[in-house]
Amino acid sequence: MFSLVKEQGKYLRVRGRVKKEDIISAFSCPVGDVFCGAVIEIKSPKRYCYALAGDTYATVAARERVDERELRELNSHKIIYPTLRIWLP
């Protein structure tokens, strides 16, 4: 089991066996590495979209009208595949 402990403000201390996906679904914001004892800054919820077949950062940036460089940085330069959740700036 795991426990998400919400602390005052905009930080979360990870306790137990929390997975990255659990934090993303609970707070709707992108996070970095997740491990027990980590303190994660919870940013305001972001918009996201799901990648379609054949999508690239350039096509997603054009479709959503955002900057491609910011889009790449926010998503940690992940390889895009269909159904990937892409965070939008």
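Visitor: How much space lies in the second largest pocket?
Guide: About 150 Å³. Keep in mind that this is a predicted model.

Visitor: Which residues line the second largest pocket?
Guide: Lys 20, Glu 21, Ile 24, Lys 78, Tyr 81, Thr 83, Leu 84, Arg 85 and Trp 87.

Visitor: Which element gives the largest share of that lining?
Guide: That is α1, with 3 residues. Both α1 and β5 (85–88) supply at least two.

Visitor: And by class, what is in the lining of the second largest pocket?
Guide: There are 4 nonpolar residues, 1 polar and 4 charged.

Visitor: Now the largest pocket. How much space lies there?
Guide: About 190 Å³. Its lining has 13 residues, and the closest to the centre are Pro 30, Val 31, Gly 32, Leu 74 and Ser 76.

Visitor: Which elements give two or more residues to that lining?
Guide: α1 (20–27) and α3 (68–74) do.

Visitor: How many charged residues are in the lining of the largest pocket?
Guide: It has 5 charged residues, along with 5 nonpolar and 3 polar.

Visitor: Switching topic. Which residues make up the largest nonpolar core?
Guide: There are 12: Leu 12, Val 14, Val 18, Ile 23, Ile 24, Phe 27, Cys 29, Val 31, Ala 38, Ile 40, Ile 42 and Trp 87. At least two come from β2 (11–16), and at least two from α1.

Visitor: Which of the elements gives the most to this core?
Guide: α1 does, with 3 residues.

Visitor: Take Val 14. What is it in contact with, leaving aside neighbours within four places in sequence?
Guide: Val 14 is in contact with Ile 23, Val 34, Phe 35, Cys 36, Gly 37, Ala 38 and Ile 40.

Visitor: What about the second, separate core, how many residues does it have?
Guide: That core has 11 residues, including Cys 49, Ala 61, Ile 80 and Leu 84.

Visitor: One more residue. Where does Asp 55 lie?
Guide: In the loop between β4 (47–50) and α2 (57–64).

Visitor: Does Asp 55 count as buried or exposed, and why?
Guide: Buried, because its relative accessibility is 13%, and the cut-off for buried is under 20%.

Visitor: What does the side chain of Asp 55 make a polar contact with?
Guide: The side chain of Arg 63, at 3.1 Å.

Visitor: And which residues is Asp 55 in contact with, leaving aside neighbours within four places in sequence?
Guide: Tyr 50, Val 60, Arg 63 and Ile 80. Ile 80 also belongs to that second core.

Conventions: Residues numbered from 1 in each chain as written. Predicted model: local features only at pLDDT ≥ 70, side-chain atom pairs only at ≥ 80, totals over all residues. Heavy atoms only, no water. 1 Å grid on protein atoms, 1.4 Å probe; cavity = no way out; pocket = protein on both sides within 12 Å on 5 of 7 lines; lining within 4 Å. Points joined across faces, edges and corners; volume = space filled by probe spheres on them. Helix = DSSP H or I, 4+ residues; strand = E, 2+ residues; numbered from the N terminus. Nonpolar A, V, L, I, M, F, W, Y, C, P; charged D, E, K, R; others polar. Core = buried A, V, L, I, M, F, W, Y, C linked by side-chain atoms within 4.5 Å. Buried < 20%, exposed > 50% of the residue type's maximum accessible area, 1.4 Å probe, protein only. Contact = heavy atoms within 4.5 Å. Polar contact = N/O pair within 3.5 Å; in protein donor to acceptor, adjacent residues only side chain to side chain.
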